[in-house]
Amino acid sequence: MSKNENLTETIEKMREKYRIEREKRLRSDGSDQYIEVEGKFSHFNQDPYSKEVKKREVRKGKTDVVIVGGGFGGLLMAARLSSIGYTDTTVIEEGADFGGTWYWNRYPGAQCDIESYVYMPLLEELGYMPSEKYAHADEIFEHSKAIGEHYGLYEKALFQTKMTDAEWDENGAAWNVVTDRGDKVEAKFLVLATGNLTKPKLPGIHGIQKFEGHMFHTSRWDYDYTGTDGSKDLTGLGNKRVAIIGSGATAVQVIPNLANCAKHVYVCQRTPSTIDIRGNAPTDKNWFENMKPGWQESRIENFTNVTNGVPEAEDLVADAWTDLMHKMIEAHREKKRGPYQGIDPTKLAQYRKMEEIRARVDQIVEDDAAAEALKPYYDMFCKRPCFHDEYLGAFNNDNVSLLDTDGRGVDAITASGIVVRGQEYPVDCIIFATGFEVGSSMQRRVGIDLVGTKGIKLSEKWREGPRTLHGIHTRGFPNCFILGGVQSTIAFNVPHHLDQQARTIADILNHARKENFVKVEVSEKAEKDWVEDIIGSGQKVSAPGQDPCTPGYYNNEGQPMKNGRYLRAYEGGPTRYFRKLREWRSSDDYKGISFS
Ligand code: NDP
């Protein structure tokens, strides 16, 4: 057998193992295995950071733009509007401050896993230098607040407030917005920047409601219980046995901190994550200060291009995110040159990358059984890749036990502990690092059902699946824009996506104001064409049943998705989508949109 045949066989054997690992985890209840944080579980959703609701006057009156959501999407939208003179902007935000994800996710160890210089928005506009290549959550939260200050958004913002109703008034050409605090605001334009990973979810583990110890979700970290905010010093856990359920991107950042402080940590793992090198470092001030104007936009584009295989002369970020793409390119080149003829270059690159990830586990984790259990058997990007330099090492601590569930999940929760593979482990506290609802309707996740022209509800219009132009506009809902939603794109660097859409919306509003138009509506044809493109050739969000990916929220838990064809992204990845938006908005006739 030739060397290549050997390698092909090795790769195929490995892929067979991937299929077995996937099969082990597939469950018929798919996303229904999770329960909503409502009713008796609603305390999992409460804000532990601002327990008091700050008194304020009920807001009545008019505003130019209501933006729902004060995270990066809402902030970028407000910033882009401000730069064209729209300053009468009201942000409605459930949290007590700006920040969105970074308001809620304050768990110890939280940091951005995309390089700060491309991830943190508006660095040049604010003249801000992130302190590290991968900044920590408190700094990103502070930066969010600084954006709010810089653009004067605090004055009008409605915090600790949820929009409950929004109805289009055809005669007044405005949205009548109502909140849960009795506000009634008339807005010329409405922007939904409500984010995608916002509503915590809990696994419906048998007995979950019976536990008599303490429980909370990572996105509502209970520092009153664990001790000190914002540092590794979780003094409250020194005498506590803690179970953490989950081993995704959040858990990976939390666990080293628990390991440093808790009496004992039980890590309940269903599927191991890929743990690549982090390589964080303080920002080199000299390097940063010598950046040429416009550097951030170029760097952001460079990162998105490199991670999507679009040729760039230089990889500016050059980290573990971009590494797989280099491996892909290398494998394709080798195929052309000859030594690996007959081997699928994508499979070869994936194999090499995952072998590297698995070898790193062996290098760091001392216990052989734990090391084997921590090795991921699936392709890179089946799950959100993780990057950490202390996570794997934490399993060498005497006070950390890996409870690998062999893909089955925690069996049960009792009054005093958790049950894994038939054995009960008594614990004082259970921390759910079990992620967020994905794919549920906007009505369920955000509690909003817009009422558009002729009283049609968005849920009715989208009954068969979303229908949009560019993922931003939907016919029958004039002057309303959606940020970061389906039928647009999937970019690793989410703020890049949000910013490109925010710039597009700002351009439309600018045009409307210059020409004295009061109504912006998408044509039936433009929407139909876009939806057909998405359904016909759009980039699949998942390929249930075909891929060797273990289930998770990336592939709707391995189950076919209801109306899944409508949930795809624009074909060809973010670079092409952003180019399309740029060309569309710079053509000045905004084809498919009617202004009146
Ligand atoms: P995930 O949905 O990624 O992970 C949930 C975890 O819970 C998985 O490990 C899952 O296992 C596990 N789980 C679920 N049910 C059970 C069960 N019954 N028993 C045992 N384990 C269970 O949530 P995260 O909060 O980790 O991450 C969500 C997203 O947030 C990320 O994908 C990323 O996009 C973002 N994020 C970004 C960060 C950043 O930029 N800094 C940091 C953290 C998160 P299984 O895999 O088997 O389903």
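Reader: Where is Asp406 found?
Author: Asp406 sits in the loop between strand E13 (400-404) and E14. Helices (H or I, at least four residues) and strands (E, at least two) are DSSP runs, numbered from the N terminus.

Reader: What kind of model is this, and how are residues numbered?
Author: This is a predicted model: local features need pLDDT of at least 70, side-chain atom pairs count only at pLDDT 80 or more, and totals for chains, interfaces and linings use all residues. Residues are numbered from 1 along each chain as its sequence is written, and side-chain values use heavy atoms, with hydrogens and water left out.

Reader: Back to Asp406. What is its phi?
Author: Phi of Asp406 is positive, about 50°, although the residue is not a glycine.

Reader: Ligand next. Which residues come nearest?
Author: Gln111, Thr250, Thr271, Lys383 and Tyr553, out of 28 residues around the ligand. A residue is near a molecule if one of its heavy atoms lies within 4 Å of it.

Reader: What does Tyr553 do there?
Author: A polar side-chain atom of Tyr553 lies 2.6 Å from a ligand oxygen. A polar contact is a pair of N or O atoms within 3.5 Å; within protein, one must be able to donate a hydrogen and the other to accept it, and residues adjacent in sequence count only if both atoms are side-chain atoms.

Reader: Which backbone atoms lie by ligand oxygens?
Author: A backbone N or O atom of Gly248, at 3.3 Å. Ala433 also has a polar backbone atom 3.4 Å from a ligand oxygen. The protein covers 90% of the 910 Å² of accessible area that the ligand has on its own. That area comes from the Shrake-Rupley method with a 1.4 Å probe.

Reader: Which element gives the most to the shell?
Author: H8, with three residues. Helix H8 (249-261) and strand E7 (201-203) each supply at least two.

Reader: Which domains does the shell draw on?
Author: Domain 1 (60-199 + 439-595) and domain 2 (201-279 + 319-435), with at least three residues from each. The bounds come from an automatic or database domain assignment.

Reader: New topic. Which way do the residues of E17 point?
Author: In strand E17 (residues 429-432), Cys429 and Ile431 point one way, Ile430 and Phe432 the other. All are buried.

Reader: How many bridges join E8 to E17?
Author: Four, and strand E8 (residues 214-217) runs parallel to E17. Two strands pair if DSSP finds at least two bridges between them. Met215 stands opposite Ile430. Strand E9 (residues 241-245) also pairs with E17 in the parallel sense, over four bridges. There, Val242 has Cys429 as its bridge partner.

Reader: What order does the open sheet of three strands have?
Author: E14-E15-E16, with antiparallel pairing. The edge strands are E14 (412-413) and E16 (423-426), each pairing on one side only. E14 and E15 (residues 417-420) share two bridges, and Ala412 has Val419 as its partner.

Conventions:
Buried means under 20% relative accessible area, exposed over 50%, partly exposed in between (1.4 Å probe, protein chains only).
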